[in-house]
Amino acid sequence: MKRFAVYAVFFVLAVFPARAQEAGEAKTGFFSRFWQGFTETLFTPQIHKPFSVSGGFELTQNDRKNLLPEFFAVADYELSRYFGFGVRAGLTFASNQPVDRMVTVMEGLGFARFYPYDFGWIRPYLQTGLGLSIDREQDYEYTDVLGEAALGARAHWKGWFLEANFRYGYPFRFAFGLSFGHSFLP
């Protein structure tokens, strides 16, 4: 608790030099230059870079009872600022009771994505996908059709982005996660 109090004090003390610099006492100070550069970059329209790759981590209910970790990779291409498509591959490998069962799930799907509004640096989206899911529990394995609907948002900054999403579908029930990636021109 003491450590957080010290961080808070240092943060508050750092605000005073920044405010003094913004008020005109020192126009070339570090804090004012940093804040001005950050806000200009954040609110300036981003250059449209249609091809993106990302990787991330999510918690998914691929198990009958519990949330399990999943690692995934995504590649997508935007046909316009409002519509895109891509592929996603994911792997869940976990067990809460190693004596009873080990759960392994591999997912692969294609998806279409619709961005209803472009705020410049943040873009919410709706997504739907179809693919295959290979589920293995100890000595029992089955392949099933994977269908999903997702709701999320992508926040861009200088070609890099952070994406948060919530997915619902079959055979998994729901999932939520974060990914980090890079957008570039093909």
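Student: In this predicted model, are Arg-154 and Asp-76 buried or exposed?
Tutor: The model is a prediction. Residues under 20% relative accessible area count as buried. Arg-154 has a relative accessibility of 0%. Arg-154 and Asp-76 are both classed as buried.

Student: How many residues apart in sequence are the parts that the pair of Arg-154 and Asp-76 ties together?
Tutor: The two side chains meet in a salt bridge, at 3.0 Å from N to O. Because Arg-154 belongs to strand β6 and Asp-76 to strand β2, the pair ties together parts with a sequence separation of 78 residues.

Student: Which residue forms a salt bridge with Arg-154 at a closest N and O distance of 2.6 Å?
Tutor: Side chains of opposite charge can pair when their charged atoms come close. The partner of Arg-154 at 2.6 Å is Glu-163.

Student: Which strands are tied together by the pair of Arg-167 and Glu-148?
Tutor: Arg-167 and Glu-148 form a salt bridge, with their closest N and O atoms 2.5 Å apart. Since these residues sit 19 positions apart in sequence, one in each strand, the pair ties together β7, which holds Arg-167, and β6, which holds Glu-148.

Student: Why does Glu-148 count as buried?
Tutor: The limit for a buried residue is under 20% relative accessible area. Glu-148 counts as buried because its relative accessibility is 4%.

Student: Which residues are linked with Arg-167 and Glu-148 in a network of salt bridges?
Tutor: The count for the structure comes to 13 salt bridges. In the network that contains Arg-167 and Glu-148, the other linked residues are Glu-58, Glu-70, Arg-88 and Glu-107.

Student: Which residues does Ser-179 contact, leaving aside neighbours within four places in sequence?
Tutor: Ser-179 is located in strand β8, residues 174-184. Its relative accessibility is 4%, so Ser-179 counts as buried. Its contacts beyond four places in sequence are Ser-54, Gly-55, Gly-56, Phe-72, Phe-161, Leu-162 and Glu-163.

Student: Which elements give two or more residues to the largest nonpolar core?
Tutor: The largest nonpolar core consists of seven residues: Phe-72, Val-74, Leu-109, Phe-111, Leu-146, Phe-172 and Ala-175. The elements that give two or more residues to this core are β2 (68-78) and β4 (101-114).

Student: Which residues does Val-74 touch, not counting residues up to four places away in sequence?
Tutor: Val-74 is a member of the largest nonpolar core. Beyond four places in sequence, Val-74 touches Ser-52, Val-53, Ser-54, Val-87, Arg-88 and Phe-111.

Student: What accessible area do Phe-30, Phe-31, Phe-34 and Trp-35 have together?
Tutor: Phe-30 is part of helix α2, residues 30-43. With a relative accessibility of 54%, Phe-30 counts as exposed. The four residues form a nonpolar patch on the surface, and their accessible area together is about 460 Å².

Student: Why is the pair of Tyr-77 and Phe-85 classed as tilted?
Tutor: The whole structure contains six aromatic pairs. For Tyr-77 and Phe-85, the ring centres are 6.2 Å apart and the planes stand at 55°, so the pair is tilted.

Student: How are the rings of Phe-166 and Phe-174 arranged, stacked or tilted?
Tutor: A pair of aromatic rings is described by the distance of the centres and the angle of the planes. Phe-166 is partly exposed at 40% relative accessibility, and Phe-174 is partly exposed at 27%. Because the planes of the two rings lie at 25°, with centres 6.4 Å apart, the pair is stacked.

Student: How far apart in space are Asp-144 and Ser-133, C-alpha to C-alpha?
Tutor: Asp-144 lies in strand β6, residues 140-157. Among the residues that Asp-144 touches are Ser-133, Tyr-170 and Pro-171. Asp-144 and Ser-133 are 11 residues apart in sequence, and their C-alpha distance is 5.3 Å.

Student: What is the omega of the cis peptide bond from Tyr-170 to Pro-171?
Tutor: Pro-171 is placed in the loop between β7 (160-170) and β8. The bond from Tyr-170 to Pro-171 is cis, with omega near 10°.

Student: What is the phi of Lys-158?
Tutor: Lys-158 occupies the loop between β6 and β7. Although Lys-158 is not a glycine, its phi is positive, at about 55°.

Methods
Residues numbered from 1 in each chain as written. Predicted model: local features only at pLDDT ≥ 70, side-chain atom pairs only at ≥ 80, totals over all residues. Heavy atoms only, no water. Helix = DSSP H or I, 4+ residues; strand = E, 2+ residues; numbered from the N terminus. Buried < 20%, exposed > 50% of the residue type's maximum accessible area, 1.4 Å probe, protein only. Contact = heavy atoms within 4.5 Å. Core = buried A, V, L, I, M, F, W, Y, C linked by side-chain atoms within 4.5 Å. Patch = residues over 30% accessible without salt bridge, like charges linked within 9 Å, V, L, I, M, F, W, Y side chains within 5 Å. Areas by Shrake-Rupley, 256 points an atom, 1.4 Å probe, with all protein chains shown as cover. Phe/Tyr/Trp six-rings, centres within 6.5 Å; stacked < 30°, edge-to-face > 60°.
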